Amino acid sequence: MMNYFVTGGSRGIGAGIVLQAIEEGHDVAFTYLRNKQAAESVIARAKEIRPDAKCLAYAMHVGDPEQVGRVGDQVLEDFEDIGVVVNCAGVNRDNLVISMSDEEWADVIAANLSGPFYVIRQFLSNFLANRFGRIINISSIQNNGGTGQANYAASKAGLHGLTKTVAKEYGRKGITANVVVPGFFDTDMTRETMPQQNKDYWKKYCPMPKGRMGEIQEIAKVVTFLAGPGGGFINGEVINVTGGLNWTY
Ligand SMILES: NC(=O)c1ccc[n+]([C@@H]2O[C@H](COP(=O)([O-])OP(=O)(O)OC[C@H]3O[C@@H](n4cnc5c(N)ncnc54)[C@H](OP(=O)(O)O)[C@@H]3O)[C@@H](O)[C@H]2O)c1
């Protein structure tokens, strides 16, 4: 059994990953930004699934290196060891390039790209000491570019470059790094900010029965697979969990 560190574990896909890891017998430290109540309900659910599970939540802005350092040190004190890091926290602030503000650009790059860099750097010493580590970074099909999402697309494409570099730098030390690309999943992010035309597009083109969305467990199980023995020889890869629709307009 291993200890997981999951960013953005209070809601959506991140919460699904936390609970899947708990179900499989692992202990989990996870982070949230502001939503303490949601974090507490994930902990309560984890305790229902496995009453002896250790599952703790930490407030942290992933784009702030000072907070990542402080929380990372605290997590290592509380758990002694982390074997798996999942960078799932993410935001979108859509706008066409011509109208995109510096703030919209910087906020998304900070959370989605700088954040994973700070988190990976933070846990590398622990991984190197153990000669073992699993890093899984959650991207998006928008890494190919998506109208109105220059900041988000650039952050996710950058995440692929970061992941492949870490895979090359540290693979020989027993540390793997991979990207998981979710298609369309029903979460607050897609419910609140995804335009209806994108949902219609998905329904029309996704080669799945009735153009369905993914179930959160269908991505969480891929993450725990990559972190487990089955994923041991997978390094620097991009795994699409998209039902076969890997492009957008
Ligand atoms: N849903 C999809 O269909 C889909 C598709 C492609 C890619 N993705 C990717 O999957 C990941 C999870 O998405 P989701 O749909 O599950 O999102 P979500 O439901 O909106 O949840 C976002 C999570 O990230 C946390 N968070 C947001 N900004 C943060 C920051 N600056 N620092 C630290 N934590 C922060 C939130 O914490 P609080 O609860 O405190 O706000 C929450 O736990 C993201 O990286 C997203 O880009 C999702």
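This is a predicted model: local features need pLDDT of at least 70, side-chain atom pairs count only at pLDDT 80 or more; totals for chains, interfaces and linings use all residues.
To find Asn143, look in the loop that runs between strand S5 (133-138) and helix H5 (150-170). Leaving aside residues up to four places away in sequence, Asn143 touches Ala153, Lys156, Ala157, His160 and Val181.

Now step back and take in the whole chain. You can trace eight helices and seven strands through it. The radius of gyration comes out at 17 Å, close to the 18 Å that the globule rule gives for 249 residues, so the chain is as compact as a globular protein of that length. If you like to think in boxes, the C-alpha atoms fill one of roughly 45 × 35 × 35 Å, taken along the principal axes.

Take the contacts between residues at least 6 apart in sequence: 74% of them join residues at least 24 apart.

For a look at one particular spot, go to Gly232, in the loop between helix H8 (216-227) and strand S7 (238-241). With a relative accessible area of 35%, Gly232 is partly exposed. Gly232 and Ile175 are 57 residues apart in sequence, yet their C-alpha atoms are 9.3 Å apart in space. Once residues up to four places away in sequence are set aside, Gly232 touches Arg134 and Thr176.

Our last stop is Glu104, which sits in helix H4 (residues 102-130). Which side chain of opposite charge is nearest to Glu104? That would be Arg93, at 4.7 Å. A salt bridge has to fall within 4 Å, and Glu104, although buried, has none. Arg93 does turn up among the residues that Glu104 touches, along with Asn95, Ser99 and Asn151, again not counting residues up to four places away in sequence.

Technical notes: Residues are numbered from 1 along each chain as its sequence is written. Side-chain values use heavy atoms; hydrogens and water are left out. Helices (H or I, at least four residues) and strands (E, at least two) are DSSP runs, numbered from the N terminus. Buried means under 20% relative accessible area, exposed over 50%, partly exposed in between (1.4 Å probe, protein chains only). Lys and Arg count as positive and Asp and Glu as negative; His and the chain ends are not counted. Contact means heavy atoms within 4.5 Å. The radius of gyration is taken over C-alpha atoms; the globule rule is 2.2 Å times the number of residues to the power 0.38.
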